[in-house]
Amino acid sequence: MERIKDALDQARRSREKAVLERTVNNLVGSSTADVNDLIDARRIRERVPFNQLQHEEQQALIAAGEVLRLDGGQHVFAVGDQDDRIHYLLEGAVSILGEGAPAHTLYAYQEAALLPLDDAGTKSHTVTVLIPSRIFRIPHARLSGRTATPAAPEDSREDDVPRELYAHTYSGEQLAQLVDALHADRKGLAAETAGGTPPRDEVKFGENTLGVRLDSIVSELTPSVPPAVEAAPPPTLPSHDEINDEISRFTRELEGRFRRYVDVVRSEERRRAQAQLQVHVKRLQKLAEQQLRGKVETIRDRYHEAYLAKERKLRERYGHLITLTNTVTRQKAAIYQARRQLEDKLRLAEQVHNELAQIGLNVTRQLNDLEGMIPDENTAAPE
């Protein structure tokens, strides 16, 4: 009985080995290097934006890039590095560490690995290989020449994870709406900045700078010039006795001359005072304008500096917030991907278990049938 079981097991192993060799021969064809190249090409075609191009364009881009084989502990790139190339994770796992954010692990089987690890230019995070991995590297100019025209840097969302990868639940949909709102606000801020800083208007001063007209004040401070005093009408003719009075006539004539002289002197003094007052008012106006101009310039510069400081801080916070949202969306997409893969593995394991149970039942039934057909060796031969 044991010999029969061993023979059946050996036959089963031989059949599985033959199937495996036939499958490998169909896939491999020639050499291991060729197989690795085929696998790398297939994985590259699944990446974004290669999956949106024609087969000929995909082949040209794959030929323009190179596949790096890195061991655990090696850096793909670090924060502050500058180059014009984009990297994709094809096989293995890497650790992504950003400024002010905890490190997280990205595996090649996750859907988040379909996106590039970085952008061309200055790198904003460090990528370290955790296990032996394969990285595809291609110049950004070569890739952008085959894809759609890239958006402006402020509007670029190449680091974003597609919302269909993580917006399967209520919390995921809320996260997607938050990401869209943040990018809309950032786009509006970039549009305002694109216009440049508005030129500062020249501070102009005039007679109504302070909300009042200086000429009206001057007119109020300046005494009005009374009309010229006309000569008094000649008095009525005196009587015959008064005409004969020489002293009275001389006195009246002297008084009239004195009055006219006083009026002339008073008019000249009034005009001279008015001229001096005008000069004094203009000098005060000029001094007031100089002091006011200095105050306005100081206040404007102070508020301008405060506005620039707040704008810089706002941009920094927006950058950190965008980085955080991209990290959260990547992690959420990775969680969803891991959960779906775990569900697939559980279903496959259950299917394999059911098949093994069925095979065990069939083998047991066949062995029982064989035991009934083979005579017992311990039975004595008839005499």
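Helices here are DSSP runs of H or I, at least four residues long, numbered from the N terminus. By that numbering, R300 and E297 both sit in helix α8, three residues apart, or about one turn of the helix. Keep in mind that this is a predicted model.

- R300 pairs with E297 in a salt bridge, with the closest N and O atoms 2.8 Å apart.
- R300 is partly exposed because its relative accessible area is 22%, and E297 also counts as partly exposed, at 22%.
- Helix α8 covers residues 246-373 and also holds D263 and R266, again three residues apart.
- The side chains of D263 and R266 form a salt bridge at 3.3 Å, N to O, and R266 is partly exposed at 45% relative accessible area.

- Buried or exposed? R134 and D40 are both buried.

**Helix α3**
- Which residues of α3 (residues 55-64) are buried? They are Q58, L61 and I62.
- Looking down the axis of α3, these buried residues fall within an arc of 100°, so they line one face of the helix.
- E56 and A63, on the other side of α3, are exposed.

**Nonpolar cores**
- The largest nonpolar core has 15 residues, and those with the most contacts inside it include V76, L89 and V127.
- Strands β1 (66-70), β2 (75-77), β5 (93-98) and β8 (125-129) each give two or more residues to this core.
- Leaving aside neighbours within four places in sequence, V76 is in contact with L70, H87, V127, V129 and I135.
- Another core, of twelve residues, lies apart from that one, and I44, F50, I86 and L143 are among its members.

- D83 belongs to strand β3 (residues 82-83) and counts as buried because its relative accessibility is 18%, where the cut-off is under 20%.
- The D83 side chain makes a polar contact with the side chain of K123, at 2.9 Å.
- Beyond its neighbours within four places in sequence, D83 is in contact with A120, G121 and K123.

Methods
Residues are numbered from 1 along each chain as its sequence is written. This is a predicted model: local features need pLDDT of at least 70, side-chain atom pairs count only at pLDDT 80 or more; totals for chains, interfaces and linings use all residues. Side-chain values use heavy atoms; hydrogens and water are left out. Buried means under 20% relative accessible area, exposed over 50%, partly exposed in between (1.4 Å probe, protein chains only). The arc is that of the directions from the helix axis to the C-beta atoms. A nonpolar core is a set of buried Ala, Val, Leu, Ile, Met, Phe, Trp, Tyr and Cys residues joined through side-chain atoms within 4.5 Å. Contact means heavy atoms within 4.5 Å. A polar contact is a pair of N or O atoms within 3.5 Å; within protein, one must be able to donate a hydrogen and the other to accept it, and residues adjacent in sequence count only if both atoms are side-chain atoms. A salt bridge is a side-chain nitrogen of Lys or Arg within 4 Å of a carboxyl oxygen of Asp or Glu.
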